[in-house]
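Biologist: I would like to learn how to read a few features of a model. Could we take them one at a time, starting with the end of a helix?

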Amino acid sequence: MNNSTTDNTLQDTEQAILMAAEREFLSKGFAGARTTSIAEAAGVTHAMLHYYFRTKAKLFDRVLGEKIRLLKEALFSSFDYSNASLEEIIKTIVERHLDFIAANPELPRFIIEEIYNDQERSSIFIEQLSKYAPLMIGAIQAKIDEAAEEGKCRKLDARMLMLDIASLNIFSFMAAPVVKAALGDLTADPKAFLAMRKKENYDTIMRKLARVNY
């Protein structure tokens, strides 16, 4: 077996373990997850799993780190916040964030549970988030300030705006059983529902930004 074949085999095995670990962690949380179950699902021995990742904590860190990387890529890849308009920025964030959650519907609940259950492990997510969130918030605040000076929108705190976007986007997926029971046919077509949420959430945020008198 040549080196190239060996490398590919190692990568395939590692990927199989990571995919099995993601399913185990998301469904059972860190405390409930079992490395024996992950190994069985990945089709490897328990000893082989530990050879690749040493401990459950290291495996968890790798899975969570990959999700953070994908979120960062979804929000920042191929988009220039500094040269885009405020409307373009809001639309891009709402749509890309919703697409990411739709692809990872169990992730928001999982992260919130882990943050409450273990402060030490949650610090990994918080530390990574703090590296890029300020860049996005800073760019949005600059656009809001500029538009407000020109009388095009209200003066708002970009941090509150991001919280509004996250809340609107995440709720539909975290409360999926309740939403489905309450709204019925509206959620029957997932693609159509996602498209509706993108438009509605964008419109909601833009209405908040609109220059109105109270």
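This is a predicted model: local features need pLDDT of at least 70, side-chain atom pairs count only at pLDDT 80 or more; totals for chains, interfaces and linings use all residues.

Biologist: How many residues does helix 10 have, and what is its span?

Modeller: Helix 10 covers residues 190-209, which is 20 residues. From first C-alpha to last it reaches 28 Å, close to the 28 Å expected at 1.5 Å a residue.

Biologist: Which residues of helix 10 are buried?

Modeller: An α-helix has 3.6 residues a turn, so residues three or four places apart point the same way. In helix 10 the buried residues are Phe-193, Leu-194, Arg-197, Lys-198, Asn-201, Tyr-202, Ile-205, Met-206 and Leu-209.

Biologist: Where does Ser-82 lie?

Modeller: Ser-82 is in the loop between helix 4 and helix 5. Its side chain makes a polar contact of 2.6 Å with that of Asp-80. Ser-82 is also 9.5 Å from Met-136, C-alpha to C-alpha, although 54 residues separate the two in sequence.

Biologist: What lines the largest pocket?

Modeller: The largest pocket holds about 770 Å³ of space. Its lining has 27 residues, and His-97, Phe-125, Leu-129, Ala-166 and Ile-170 lie nearest the centre. By class, 22 are nonpolar, three polar and two charged.

Biologist: Which helix gives the most to that lining?

Modeller: Helix 8 does, with seven residues. Helices 4, 5, 6, 7 and 8 each supply at least two.

Conventions. Residues are numbered from 1 along each chain as its sequence is written. Side-chain values use heavy atoms; hydrogens and water are left out. On a 1 Å grid over the protein atoms alone, a cavity is a set of points where a 1.4 Å probe fits but cannot get out, and a pocket is an open set with protein on both sides within 12 Å along at least five of seven lines; lining residues have an atom within 4 Å of a point. Grid points are joined across faces, edges and corners, and a volume is the space filled by probe spheres set on the points. Helices (H or I, at least four residues) and strands (E, at least two) are DSSP runs, numbered from the N terminus. Ala, Val, Leu, Ile, Met, Phe, Trp, Tyr, Cys and Pro count as nonpolar, Asp, Glu, Lys and Arg as charged, and the others, Gly among them, as polar. The expected span of a helix is 1.5 Å times one less than its number of residues. Buried means under 20% relative accessible area, exposed over 50%, partly exposed in between (1.4 Å probe, protein chains only). A polar contact is a pair of N or O atoms within 3.5 Å; within protein, one must be able to donate a hydrogen and the other to accept it, and residues adjacent in sequence count only if both atoms are side-chain atoms.
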